[in-house]
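Here is a brisk report on one protein chain. It starts at a loop and then turns to the overall picture, the helices, the charged pairs and the surface.

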Amino acid sequence: VMKLNPQQAPLYGDSVITVQLTEEDKVEDDVVFYLVFTGSTVQHCTSTRKINPGSLETISPGHDCCETVKVALCASREGHPVLVVAEESFQFVQDEAYDAAQFLATCAGNQQALNFTRFLDRSRPPAADVDFLDEKVALAFRHLKLPAEWNVLGADQSLTENIPRETLMHFAVRLGLLRLTWFLLQQPGGRGALSIHNNEGATPVSLALERGYQKLHQLLTEEEAREPDSWSTLSHTVHSGDYSVKHHRGLDVYMLTAEA
């Protein structure tokens, strides 16, 4: 029996899982371990890295629904068949960050909801919390299956840029959410949102300046702004047909996802 810690992960994945091996599974250096997650409609295979003889580390894959899946620890060695050495169950759950991303995506053009996010801002969370919120909500947003017509400015595209209003971009910038801002910039309407004034006459760009968010201001105003360094340790995905491959740069772990 292997021990997985934790035994659950958010749907959007990208969190670290530690695998404790039992005595009999601690083997020579030339053995390579994989974890295979089998869900009802998709299967993921992740590589692992050894922390010490008794434990491995990997990254949780992003999954397509909330459910308990079977995880098999597989060992492979050159010239030998692949062995399943242990099995365990694992749960994919929808967490608060996922709920938050869904809420924000649905409320893109909704002024009442966006004004509610302004109200939240008055209780300024500490920087460490903002950083955590930023990473999780941006990861969750990236995992949402946004409809093709989704736009940062909401569904009503007939609103001209001259109408003062609150946007999702104002929200992300006001809280100093660097990764979420970067994500929104790549979406339809993201760039357009930068020049929209709210009822106080502030644009996302002027908000970044006024709040002293230098990195954020740079991200919004530089022609060739690169993605934030904080993003670069996270997974990057390549899709091909029914398959996708993710590489997590921070741990140098690979993940293959396929329809089961």
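Proline 6 sits in the loop that links β1 (3-5) to β2 (8-10). Helices (H or I, at least four residues) and strands (E, at least two) are DSSP runs, numbered from the N terminus. The model is predicted: local features need pLDDT of at least 70, side-chain atom pairs count only at pLDDT 80 or more, and totals for chains, interfaces and linings use all residues. Residues are numbered from 1 along each chain as its sequence is written, and side-chain values use heavy atoms, with hydrogens and water left out.

The peptide bond from asparagine 5 to proline 6 is cis, and its omega is near -5 degrees. Aspartate 14 has a positive phi, near 65 degrees. This aspartate 14 belongs to the loop between β2 and β3 (16-20). Its relative accessibility is 6%, so aspartate 14 counts as buried. Buried means under 20% relative accessible area, exposed means over 50%, and partly exposed lies in between (1.4 Å probe, protein chains only). Aspartate 252 also has a positive phi, near 55 degrees, and lies in the loop between β11 and β12. Most residues other than glycine have a negative phi, and most peptide bonds are trans.

## Overall picture

The protein chain has eight helices and twelve strands. Its C-alpha trace spans about 65 × 35 × 35 Å along the principal axes. Of the 260 residues in the protein chain, 47% are buried. Among contacts with a separation of 6 or more, 64% join residues 24 or more positions apart. Contact means heavy atoms within 4.5 Å. The accessible surface is about 13700 Å², and carbon and sulfur atoms hold 52% of it. Accessible areas come from the Shrake-Rupley method with a 1.4 Å probe; for residues, only the protein chains shown count as cover.

Leucine 73 belongs to strand β8 (residues 67-76). Leucine 73 is buried, at 0% relative accessible area.

## Helices

Helix α1 (residues 96-106) packs against helix α3 (residues 127-143) at an angle of about 65 degrees, with the axes 8 Å apart. Axes are lines fitted to C-alpha atoms, for helices over the stretch in contact, and angles run from 0 to 180 degrees between N-to-C directions. The crossing of α1 and α3 is right-handed. A crossing is left-handed if the near helix is turned anticlockwise from the far one by less than a right angle, and right-handed if clockwise. On the α1 side the contact includes Ala97, Tyr98 and Leu104; on the α3 side it includes Val137, Ala140 and Phe141.

Helix α5 is mostly covered, with eight of its eight residues buried. Trp182 and Phe183 are among them.

Which residues do salt bridges join into one network? A salt bridge is a side-chain nitrogen of Lys or Arg within 4 Å of a carboxyl oxygen of Asp or Glu. The count comes to eight salt bridges.

| Pair | N to O distance |
|---|---|
| Glutamate 57 and arginine 49 | 3.1 Å |
| Aspartate 131 and arginine 179 | 3.5 Å |
| Aspartate 134 and arginine 179 | 3.4 Å |

Aspartate 134 is in α3 and arginine 179 in α5, so this pair ties together parts 45 residues apart in sequence. Aspartate 134 is buried at 3% relative accessibility. The network, through shared partners, holds Asp131, Asp134, Glu135 and Arg179. Arginine 179 is buried, at 3%, whereas aspartate 131 is partly exposed, at 44%. In the other pair, glutamate 57 is buried at 15% and arginine 49 is partly exposed at 38%.

## A nonpolar patch

Val238, Tyr243, Val245, Tyr254 and Leu256 form a nonpolar surface patch with about 470 Å² of accessible area together. β11 (243-248) and β12 (253-259) each give two or more residues to this patch. Patches are made of residues with over 30% relative accessible area and no salt bridge: like charges are joined within 9 Å, nonpolar side chains (Val, Leu, Ile, Met, Phe, Trp, Tyr) within 5 Å. Valine 245, in strand β11, is partly exposed at 34% relative accessibility.
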